[in-house]
Amino acid sequence: MLCAYRPQDMSEAQLLRQILADSHVNCYVSGEYLQGGIGELPAADLLGLWVSAQDLGLARELISDWQQAAPIMPETDDL
C-alpha cells in the first residue's frame with residue numbers, strides 16, 4: 001500500500017475515505033487512534049490515507065478534485 005494523502009484531521013480523513021469508497025477505491029486510514037492518545041495537543045503527520053499501488057493515481061485524482069471543488073451556494077434574496 002502507498003500513502004495517497006496526509007489529511008489534516010480526522011474529519012477530513014473520514015470524508016476522503018468515503019469519497020474514495022464511493023469510487024470503489026479501498027482505503028486504510030493510518031493513525032486514526034493515535035490522535036486520542038495525544039489529547040488536545042496538535043500533532044502533525046499522524047494520519048494517512050493508504051491505497052493499493054494500482055489505485056494510487058485514481059485516489060490522488062479524486063482527492064485533488066475534492067480540494068479544488070467550489071461550494072454551491074443557493075441564490076436567495078433573503079440576505
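What you see is a predicted model, in which local features need pLDDT of at least 70 and side-chain atom pairs count only at pLDDT 80 or more, while totals for chains, interfaces and linings use all residues. Numbering starts from 1 along each chain as its sequence is written, and side-chain values use heavy atoms, with hydrogens and water left out.

Let's start with confidence. Confidence is lowest in helix α2, at a mean of 59, and highest in strand β1, at 97. Helices (H or I, at least four residues) and strands (E, at least two) are DSSP runs, numbered from the N terminus.

Now the sheet. Strands of a sheet pair through backbone hydrogen bonds, either parallel or antiparallel. Here three strands form an open sheet in the order β1-β3-β2, with antiparallel pairing; two strands pair if DSSP finds at least two bridges between them. The edge strands, β1 and β2, each pair on one side only. From one strand to the next, the twist averages 45°. The two pairings look like this:

| Pair | Bridges | Residues standing opposite |
|---|---|---|
| β1 and β3 | three bridges | Leu2 and Val51 |
| β2 and β3 | three bridges | Ser30 and Gly48 |

On to the helices. α3 lies across β1 and β3, running at about 15° to β1. Angles run from 0 to 180 degrees between N-to-C directions, and axes are lines fitted to C-alpha atoms, for helices over the stretch in contact. α1 (residues 10-22) packs against α3 (residues 56-68) at about 120°, with the axes 10 Å apart.

Who meets whom? Glu12, Leu15, Leu16, Ile19 and Leu20 in α1 meet Ala59, Leu62, Ile63 and Trp66 in α3, where contact means heavy atoms within 4.5 Å.

Key: pLDDT = per-residue confidence, 0-100.
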